[in-house]
Amino acid sequence: MTGLRVRRAEPADFPVVARLTVAAYEADGQLKDETGYAPVLADVATRAETGEVLVAVDDATGQVLGAVTFVLPGTPYAELAGPGEAEFRMLAVDPAAQGRGAGAALATACVARAAELGCTAVVICVRAGMAASAHRLYERLGFVRYPEKDWTPLPGIDLRGLRLDLTVAG
């Protein structure tokens, strides 16, 4: 993760974040046979109004390599978070920049932000068929399967809940 910095996205970043998020979801096969989700992924300004959009930036070039949306319960983009929990969504790394640690840096920043805010856990959902590398990343960070948070937003889209307990001494 050397040479990467995570910061809050600025409005000037929004077009790049929109492009790379849609591109990452397409590359992972997550937009196949779906209508309507790509515009949601591309609407970075709306996400930034009610959550924190974070970006991973290459220190040397200033290029945005990836992005994530961090949310708290009761906000419009929170799907799983309950009392005391934080959630992150739409973690995406530009397909051309994958393997450089941007995804891990973004997920780690979300966990740190949740701890800073006094949250007791971080929850996320992953698509059942998501890339193995993403599952490995979440396992490395300590996320465990949490079937109580599984859900199906649309027929054929099965999401698995994962949870990281922040109250357990590591």
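Predicted model: local features only at pLDDT ≥ 70, side-chain atom pairs only at ≥ 80, totals over all residues.
A salt bridge here is a side-chain nitrogen of Lys or Arg within 4 Å of a carboxyl oxygen of Asp or Glu.

Residues are numbered from 1 along each chain as its sequence is written, and side-chain values use heavy atoms, with hydrogens and water left out.

**View 1. Asp 94 meets Arg 19 in a salt bridge.** The closest N and O atoms of this pair are 2.9 Å apart. Asp 94 sits in the loop between β4 and α4, while Arg 19 belongs to helix α1 (residues 14-27), so the pair ties together parts that are 75 residues apart in sequence. Helices (H or I, at least four residues) and strands (E, at least two) are DSSP runs, numbered from the N terminus. Asp 94 is buried at 7% relative accessibility, whereas Arg 19 is partly exposed at 46%. (Buried means under 20% relative accessible area, exposed over 50%, and partly exposed in between, using a 1.4 Å probe and protein chains only.)

**View 2. Arg 100 and Asp 58 make another salt bridge.** Here the N to O distance is 2.3 Å. Arg 100 is in the loop between β4 and α4 and Asp 58 is in strand β2, so this pair ties together parts that are 42 residues apart in sequence. Arg 100 counts as partly exposed, at 38% relative accessibility, but Asp 58 is buried at 9%.

**View 3. Glu 85 pairs with Lys 149.** Their closest N and O atoms lie 3.0 Å apart. Glu 85 comes from strand β4 and Lys 149 from the loop between β6 and β7 (151-154), so parts 64 residues apart in sequence are tied together. Both Glu 85 and Lys 149 are buried. Elsewhere, salt bridges that share partners join Arg 7, Glu 10 and Asp 13 into one network. A search of the whole structure finds eleven salt bridges.

**View 4. Phe 88, Tyr 138 and Phe 143 form a cluster linked by ring pairs.** Rings of Phe, Tyr and Trp (its six-membered ring) pair if their centres lie within 6.5 Å; planes under 30 degrees apart count as stacked, over 60 as edge-to-face and the rest as tilted. By this rule there are four aromatic pairs. One of them, Phe 88 with Tyr 138, is tilted, at 6.1 Å centre to centre and 50° between the planes. That pair links strand β4 (residues 85-93) to helix α5 (residues 132-140), with its two residues 50 apart. Phe 88 is buried at 3% relative accessible area, and Tyr 138 is buried at 6%. Phe 88 also pairs edge-to-face with Phe 143, at 6.0 Å and 90°.

**View 5. The largest nonpolar core has 29 residues.** Such a core is a set of buried Ala, Val, Leu, Ile, Met, Phe, Trp, Tyr and Cys residues joined through side-chain atoms within 4.5 Å. Those with the most contacts inside it include Val 68, Leu 91 and Ile 124. Helix α4 gives the most to this core, with eight residues. A second, separate core of 20 residues includes Leu 31, Ala 67, Met 90 and Ala 92.
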